[in-house]
Amino acid sequence: MTPYMQAAIAKRNKDKTVNYNLPLQDFICQCYVNLNPNSYGSHIEEKIRQELNAMCIMASEERGDFMIANKYYEVKTSFLTQKGDSYNITHLRTWQNFNRYLFCFIDSDNQFKPNFYVVDKNIINKLKLGFMNGTPNANSNNLNVEMRATVKVGEDNYKTIVKHNLLSDTSFESLQKYMKDERRNNFY
């Protein structure tokens with residue numbers, strides 16, 4: 001058996017579970033190590049939802065991923081690219097009825113530190129977007145087309161998200177405080 005075949009078999013048989021009892025940053029690292037890129041986003045989203053004690057929203061409702069204080073949030077997670085200069089936001093469903101995006105940008109070059117940004121949904125229209133699939137011509141008659149954005153650190157899309165971030169900084173503590181304030185403001 002060749003070394004490549006052994007590596008492929010080992011990868012296929014690797015444990016793909018994650019421990020939701022871990023602290024957030026350790027959980028993110030475990031997702032990075034144990035999961036394929038197409039599946040870590042939903043696990044990190046769920047961990048954030050649990051940490052914030054937010055109400056889960058069923059995908060079939062097309063209202064985002066969770067709700068806090070009558071506001072619906074769509075969570076997008078991205079690890080810093082191997083080149084170390086950008087994040088990719090994918091499967092943007094702008095037609096869905098939610099209020100805000102919660103971006104979790106994980107700085108793979110800085111000990112996998114998560115940075116959080118909460119922006120109103122309409123801010124996504126200020127970003128340079130591309131189609132997830134197909135060409136502009138192929139999508140010209142489609143109403144609900146998933147979009148994507150590359151958020152290169154220091155460039156326009158990144159600056160727009162930073163400028164419109166509703167959090168006081170990008171820490172998880174700031175996200176928690178923001179959600180606590182949202183709950184308090186909705187209660188009165």
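The dialogue below treats each feature in turn.

Q: On what basis is this model described?
A: The model is predicted; local features need pLDDT of at least 70 and side-chain atom pairs count only at pLDDT 80 or more, while totals for chains, interfaces and linings use all residues. Residues are numbered from 1 along each chain as its sequence is written, and side-chain values use heavy atoms, with hydrogens and water left out.

Q: How much space lies in the largest pocket, and which residues are closest to its centre?
A: A pocket is an open set of points on a 1 Å grid over the protein atoms alone, where a 1.4 Å probe fits, with protein on both sides within 12 Å along at least five of seven lines; lining residues have an atom within 4 Å of a point. The volume, the space filled by probe spheres set on the points, is about 900 Å³ for the largest pocket. Of its 33 lining residues, Pro37, Tyr40, Gly41, Thr77 and Thr90 are the closest to the centre.

Q: Which element gives the largest share of that lining?
A: Helices (H or I, at least four residues) and strands (E, at least two) are DSSP runs, numbered from the N terminus. Helix H3 contributes the largest share of the lining of the largest pocket, seven residues.

Q: Which residues have the most contacts inside the largest nonpolar core?
A: A nonpolar core is a set of buried Ala, Val, Leu, Ile, Met, Phe, Trp, Tyr and Cys residues joined through side-chain atoms within 4.5 Å. Buried means under 20% relative accessible area, exposed over 50%, and partly exposed in between (1.4 Å probe, protein chains only). Here the largest core has 27 residues, and Ile44, Ile48, Phe66, Phe116 and Leu175 have the most contacts inside it. A second, separate core of 21 residues includes Leu80, Phe105, Val119 and Leu127.

Q: How many salt bridges does the structure hold, and which residue pairs with Arg100?
A: A salt bridge is a side-chain nitrogen of Lys or Arg within 4 Å of a carboxyl oxygen of Asp or Glu. The structure holds nine. In one of them, the closest N and O atoms of Arg100 and Glu182 are 3.1 Å apart. This pair links distant parts of the chain, with Arg100 in strand E5 and Glu182 in helix H5, 82 residues apart. Arg100 counts as buried at 11% relative accessibility, and Glu182 does so at 13%. Arg100, Asp120 and Glu182 are linked in a network of salt bridges.
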